[in-house]
Amino acid sequence: MATPDFIRDLRLSAGHQLLYLPGVTAVVFDDRGRVLLGRRADTGTWSVIGGIPEPGEQPADCAVREVFEETHVRCVPERVVSVHGIEKPVTYPNGDVCQFMDITFRCRAVSDDARVNDDESLEVGWFGLDALPPLADFAVFRIKQATQEGPAWFEGMPKA
């Protein structure tokens, strides 16, 4: 994930200390039920598409922007899948420490011409739910939640 300019500016005074930031994830499905994934340039691993909203940007707009910037796919947000304060901070190779409040959206693709569209991804592609590449637990969980109907998931949600 490329660091937004406003965070670079903030880091000039904050240094590497912990920043608590908003994050947005888009779980995008095409009309065949496949999910859009990207193989990240920073880690080399496959993941769902996500990023950080710019100041004043609505989370759903951020999801649409990030999907297009990274994959060249146009999408429409359909619903909020989950809201989750990530418990564990992430320390990046440069020493920056961040912790995220993630909002995950289920999105529907309105174009399916997936291709690498920036320097954040090594590969992008559509995957059947029964043929996913190795993914981190958080990505698998978000995809699973996006396939289910019902209210958005959140930590502490009462069991039905």
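The model is predicted, so local features need pLDDT of at least 70 and side-chain atom pairs count only at pLDDT 80 or more, while totals for chains, interfaces and linings use all residues. Residues are numbered from 1 along each chain as its sequence is written, and side-chain values use heavy atoms, with hydrogens and water left out.

Helix α3 itself covers residues 137–147, and its buried residues are A139, R142, I143, Q145 and A146. Seen down the helix axis, these residues fall within an arc of 160°, so they line one face of α3; the arc is that of the directions from the axis to the C-beta atoms. Helices (H or I, at least four residues) and strands (E, at least two) are DSSP runs, numbered from the N terminus.

Turning to the strands, β2 (residues 35–40) pairs with β8 (residues 121–127) in the antiparallel sense over six bridges, where pairing requires at least two DSSP bridges between two strands. Within this pair, R40 stands opposite S121. Strand β2 also runs antiparallel to β3 (residues 46–47), joined by two bridges, and here R39 faces W46. Five residues separate β2 from β3 in a hairpin, and G44 in the turn has a positive phi of about 80°.

Note on methods. Buried means under 20% relative accessible area, exposed over 50%, partly exposed in between (1.4 Å probe, protein chains only).
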